[in-house]
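I opened the model today to go through its strands, helices and core. My notes follow in the order I looked things up.

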Amino acid sequence: MAIRERFHLGALEGVRVGRFQFGINTTFIVYRVGDTLFDAGPPNQWSSVAAFVSERPVRQLLLTHHHEDHSGNAGRIATLTGVTPMAPEPGRAKLARGFATPPLQRLIWGAPSPLATEPLADDLHLEDGSPIQPVFTPGHAPDLTCFHLPQQGWLLSGDLYLSRKLRYLRSDEDLAELMASLRKVLTLPFDTLLCPHRGPVRQGHQALCEKLANLERLCAEAQALARQGRSEKAILKALLGPEDWLGHLSRYNLSKTNLIRQALTVPLP
Ligand SMILES: [Zn+2]
């Protein structure tokens, strides 16, 4: 499938790829700043990603987490460029042995292959010498790591953002950890979020702040309804509407039910 969109923001470039275009969550943006690549794109989009990667010399490839839409082409980029990808430590063993993904994800992204990585270096920087600071932000995935570029005021957010208003949760996500990670990142100064699904989000600090506030409100409302004796299903219907096709089709791997179930358990301040 062809490249769907290109992004330019100062020294930052990006390319959106994807087999399907059913909204932002079936497409993916590989970002590049000079000779640094951020994430590798989904395995079934190699030809488009290869064309983008081949445009400039690559010195380093940084992965935000192990999910196949982010790591899928890292092995082929390594073969093409001779650069071993760097990945957050908690995901490296899983990447090395490979992992199976559900049928719906395989349809959208393709299947990942085992991947050899190096740990994130201690002194990451862009080619102009400005720092890249990894920020460990688990919750969406146990290894999710954002990259903060303080001089540029950018946050490469992996899958920490996605949307101001979350409506679905994967069955392996930890909502309490995700909210703690949002609070952690909000202590950093940045203006623009670089989300690999949504695209560049200006006023990104504010957008992440709103995401956290929306989740806190959802948890408070769900827990208030539970105290009134409402069932999980009734709470789901009241706050997010009934489970829909995505929940059913993914066999509840990606569903509103997961989000409400965890919203009921998150300790509130
Ligand atoms: Zn992910």
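What is the order of the five strands in the open sheet? I read it as β8-β9-β10-β12-β13, and the pairing is mixed. I keep in mind that this is a predicted model.

I checked the edges next. They are β8 (133-136) and β13 (199-201), and each of these pairs on one side only. From one strand to the next, the twist averages 25 degrees.

Then I looked inside the sheet. Strand β10 (residues 154-156) and strand β12 (residues 192-195) run parallel, and three bridges join them.

**Core.** I looked up the largest nonpolar core and found 55 residues in it. Leu155, Leu156 and Ala263 have the most contacts inside that core. Leu156 is in contact with Tyr31, Phe38, Thr64, Cys146, Phe147 and Leu194.

**Helix α10.** Ala263 took me to α10, where it is one of the buried residues. Is α10 mostly covered or mostly open? I found it mostly covered, with six of its eight residues buried. Besides Ala263, I noted Lys256, Asn258, Leu259, Ile260 and Gln262 as buried. The buried residues of α10 pack against β11 (169-170), α6 (175-185), α7, α8, α9 (245-249) and β14 (254-255).

I took the α8 contact separately. Helix α8 (residues 232-240) and helix α10 (residues 256-263) pack at an angle of about 110 degrees, and their axes are 10 Å apart. I therefore call α8 roughly perpendicular to α10. From α8, I listed Glu232, Ile235, Leu236, Leu239 and Leu240; they meet Lys256, Thr257, Leu259, Ile260 and Arg261 in α10. By class, I have six nonpolar, one polar and three charged residues in this contact.

Strand β1 (residues 5-9) and strand β2 (residues 12-17) run antiparallel, joined by five bridges. They form a hairpin with two residues between them. In the turn, Gly10 has a positive phi of about 60 degrees.

β2 also pairs with strand β3 (residues 28-33), in the antiparallel sense, over six bridges.

Terms used:
Residues are numbered from 1 along each chain as its sequence is written. This is a predicted model: local features need pLDDT of at least 70, side-chain atom pairs count only at pLDDT 80 or more; totals for chains, interfaces and linings use all residues. Axes are lines fitted to C-alpha atoms, for helices over the stretch in contact, and angles run from 0 to 180 degrees between N-to-C directions. Helices (H or I, at least four residues) and strands (E, at least two) are DSSP runs, numbered from the N terminus. Angles under 35 degrees count as roughly parallel, over 145 as roughly antiparallel, 65 to 115 as roughly perpendicular and the rest as oblique. Two residues are in contact if their C-beta atoms, placed from the backbone, lie within 7 Å. Ala, Val, Leu, Ile, Met, Phe, Trp, Tyr, Cys and Pro count as nonpolar, Asp, Glu, Lys and Arg as charged, and the others, Gly among them, as polar. Two strands pair if DSSP finds at least two bridges between them. A residue is buried if 20 or more other C-beta atoms lie within 10 Å of its own, exposed if 12 or fewer, and partly exposed in between; C-beta atoms are placed from the backbone. A nonpolar core is a set of buried Ala, Val, Leu, Ile, Met, Phe, Trp, Tyr and Cys residues joined through C-beta atoms within 7 Å. Lists of a residue's contacts leave out its neighbours within four places in sequence.
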